[in-house]
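Student: Could you walk me through this one, starting with the chains and ending at the contact between them?

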Amino acid sequence: MTSGRLALLSVVIAVGTVVAYALLLGVPSVRNHPEGYVAAFAIAATVAGLAVALRRRWYAWLALGLSLLLFAGGAYINFVLARIPAEPTVLRVGERPPDFTLTDASGRQVSLAEYRGKKPVVLVFYRGYW
Amino acid sequence: MSEAERAGVEVVAVSPDRNEQSQRLANGLHVNYRFLADPDLSVTRSYGLIHRRGGPGGVDVPRPATVVLDRDGVVRWLSLSDNYQIRPDPGDVLRAVRTL
């Protein structure tokens, strides 16, 4: 393969990864493997590296720069920024977590304990919209 | 989730948000969700589910977590996120609910 084609392939892989990840964010198997996009950027960088090795043309360097930038950014997001340090939690399988009372959307006070003996509960803690 | 399961399980969603809008949406979809507001994160903090300085400007935000409690209020299944991009697969939650 020529250097130009390798450079183009690298850009297609890099940009395609960004587009595919954005489009498929709702698919759990994609969303839950963010290391996948880091690996794809690494592949794009390797292909661009081959392009540079073949011919040191500006387009090969451009493809290498782009893919390395995406690789570094993606790795930073996934391995540093998105990491949540583990803190001790009161939740343990087989144990009953402490009761709480909070206000629902209609202003009613709701306790976790009021479901006890009535129905199972899926309790979700989420970050909300900032 | 089937209608019967929807009726048989309560989904309780806790976040720092004021949840009126989310609840309207859930009601519109006829989904049995209850959104609870924990604006100062006191309950979230007491559960140990805080991502310290994880929000914009270094504010504390919840650590995403999904907990399946049986009829007696005992934890039967638990998912704690250590990467905010990752959330439990709804299929796994459903399977945990079905084993109750």
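What follows is a short exchange on the two chains and on how they meet.

Tutor: First, the ground rules: this is a predicted model, where local features need pLDDT of at least 70, side-chain atom pairs count only at pLDDT 80 or more, and totals for chains, interfaces and linings use all residues. Residues are numbered from 1 along each chain as its sequence is written, chains are lettered from A in the order in which they are written, and side-chain values use heavy atoms, with hydrogens and water left out.

Student: Is chain A spread out or compact, and what is its radius of gyration?

Tutor: The C-alpha trace of chain A spans about 70 × 30 × 25 Å along its principal axes. The radius of gyration is taken over C-alpha atoms, and the globule rule is 2.2 Å times the number of residues to the power 0.38. For 130 residues that rule gives 14 Å, and chain A is well over this, so it is more spread out than a compact globule, with a radius of gyration of 23 Å.

Student: And chain B, what is its run of elements?

Tutor: Its C-alpha trace spans about 45 × 30 × 25 Å along the principal axes. Chain B comes to four helices and six strands. From the N terminus on, they run α-β-α-β-α-β-β-β-β-α.

Student: Which residue has a positive phi in the hairpin of β1(A) and β2(A)?

Tutor: Strands pair if DSSP finds at least two bridges between them. β1(A) and β2(A) (residues 109-111) run antiparallel and are joined by three bridges, with A:Leu102 opposite A:Val110. Four residues lie between the strands of this hairpin, and the one with a positive phi, near 90°, is A:Gly107.

Student: Which residue is the bridge partner of A:Asp104 in β2(B)?

Tutor: β1(A) also pairs with strand β2 (residues 33-37) of chain B, in the antiparallel sense over two bridges. There, A:Asp104 has as its bridge partner B:Leu36.

Student: What stands opposite B:Val68 in β6(B)?

Tutor: Start from the chain A side: β3(A) pairs antiparallel with β5(B) (residues 65-69) over five bridges, and A:Val122 stands opposite B:Val68. β5(B) is in turn joined by five bridges to β6(B) (residues 75-80), again antiparallel. In β6(B), the residue opposite B:Val68 is B:Trp77.

Student: How much area is buried between chain A and chain B?

Tutor: Counting contact as heavy atoms within 4.5 Å, 50 residues of chain A and 64 residues of chain B take part. In chain A, A:Phe125, A:Tyr126 and A:Arg127 lose the most area to chain B, together 16% of what that side buries. Buried area is the accessible area (1.4 Å probe) that two parts lose on being put together, summed over both. Carbon and sulfur atoms give 59% of it, and the total is about 5,300 Å².

Student: How many salt bridges are there between chain A and chain B?

Tutor: Side chains of opposite charge can pair when their charged atoms come close. The rule here asks for a side-chain nitrogen of Lys or Arg within 4 Å of a carboxyl oxygen of Asp or Glu. A:Asp104 and B:Arg34 meet this way at 2.6 Å, N to O, as do A:Lys119 and B:Glu10 at 3.3 Å. Over all chains the count is eight, and between chain A and chain B it is three.

Student: Which element gives the most to the side of chain A that touches chain B?

Tutor: α2 (28-31), α4 (58-81), β1 (101-104) and β3 (121-125) of chain A each supply at least two residues of that side. With five residues, the element that gives the most is β3(A).
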